[in-house]
Amino acid sequence: MANHRHINTSLKENNDTGFGTNADNLGGRFINKDGSFNLRKEGLGFLNRFSVFQVMLSMPRWKFIAVILIFFAVFNLIFTGIYLLIGANQLQGIVGTTPWGVFREVYFFSTQTFTTVGYGRINPLGSMANIVASIEALFGFLSFAIATGLIYGRFAKPKSYLIFSKHALVSPYHGKTGFMFRFASYKENHTLTDVEVMVNVALQAQEGDKRVFRYYKLELERSKVESLPMNWTVVHPIDEKSPLMGMTEEDMKASDVEIYVLIKGFDDIFSNVVQQRTSYIYSEILFNRKFAPMYREAPDGKTTILELHKMHDHVEAIPKTHHQADAEKV
């Protein structure tokens, strides 16, 4: 059962998250680490739910290349079978004498027709072969037009090239504690401007005989920056206005805490607004840790180097003594 004795009941809930409140009907995290929603839709046919365009634009590059190659090979295998079915004698110029030799030449004739290369040694003679070849050439034109559009779409689609720390931390902060995570733009020249950060937390609570989710917006030390050339550590001060006030690791686990993040900014390369989501569940929140520095001065003293491989590095945070805190105030 969720334990909420540490939450200030006077805090205003955020009811505009778009997520449901009945915890008994919701499973797992709301947002995956890659920013996608942890949701599967049912109730309609697969073809009604499936978007070929979206899948081809968002799939990894190696999968996209593999799909193009497999489509090309299978498509030509199908037409090769059709040519052999109507008779290889309707194709002029075949010099192969074995079944494998004939198959190979017909297959490559199909690829030449599909791509409209047409070397000319093999050409259709019969009516059926000419009809099939003309249909294949038409499909070839259409296929390359679609592939060209997809390739352009993948290159031109605005994307936020952001990397987030694997863990969020609860660390000593200005004499109190703060919840923090950090992120950076990892592509050269993709520097974001007018960057905004929104952070919300989902907590389970017990209301009568059912469990419900409550949502709160986390106030940040800074929610906007003019530009993001380096990394940014986002900090939520944990004070009396915070729903995380007084919560321990055990409390966060009992409350099934999930903190989800939305980043928006203007990318000069795409000349468009880009955004990225991510989330941190209770098991990805570490206590009494602080992030290690991830930038340094270049040896020539003229450049700052951002060390992206240190994005996830953190060390133990040693709370300051009262004497150290008083000295800082002075």
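Which side chain meets that of R29 in a salt bridge? The side chains of R29 and E284 form this pair, with N and O 3.0 Å apart; a salt bridge is a side-chain nitrogen of Lys or Arg within 4 Å of a carboxyl oxygen of Asp or Glu. The model is predicted, with local features requiring pLDDT of at least 70 and side-chain atom pairs pLDDT 80 or more, while totals for chains, interfaces and linings use all residues. Residues are numbered from 1 along each chain as its sequence is written, and side-chain values use heavy atoms, without hydrogens and water.

The structure holds 6 salt bridges. Because R29 lies in the segment before α1 and E284 in the loop between β11 and β12 (285-287), their pair ties together parts 255 residues apart in sequence; helices (H or I, at least four residues) and strands (E, at least two) are DSSP runs numbered from the N terminus. R29 is buried at 16% relative accessible area, and E284 is buried at 14% (buried, under 20%; exposed, over 50%; partly exposed, in between; 1.4 Å probe, protein chains only). A network of salt bridges links R29, K33 and E284. E105 forms a salt bridge with R121, the closest N and O atoms being 2.7 Å apart. E105 lies in helix α4 (residues 99-114) and R121 in the loop between α4 and β2 (123-124), so this pair ties together parts 16 residues apart in sequence. E105 is buried, at 9% relative accessible area, whereas R121 is partly exposed, at 48%.

The largest nonpolar core has 34 residues, of which F181, F183 and V197 touch the most other members; a nonpolar core is a set of buried Ala, Val, Leu, Ile, Met, Phe, Trp, Tyr and Cys residues joined through side-chain atoms within 4.5 Å. Strand β6 gives the most to this core, with 6 residues. Leaving aside neighbours within four places in sequence, V197 is in contact (heavy atoms within 4.5 Å) with residues including F181, F183, W232 and I263. A second, separate core of 12 residues includes Y83, L91, F109 and A129.

A search of the whole structure finds 24 aromatic pairs. Rings of Phe, Tyr and Trp (its six-membered ring) pair if their centres lie within 6.5 Å, with planes under 30 degrees apart counted as stacked, over 60 as edge-to-face and the rest as tilted. The F181 and Y280 rings have centres 5.6 Å apart and planes at 40°, so the pair is tilted. F181 and Y280 are both buried. Ring pairs also link F71, F72, F75, F79, F114, F139 and F144 into a cluster.
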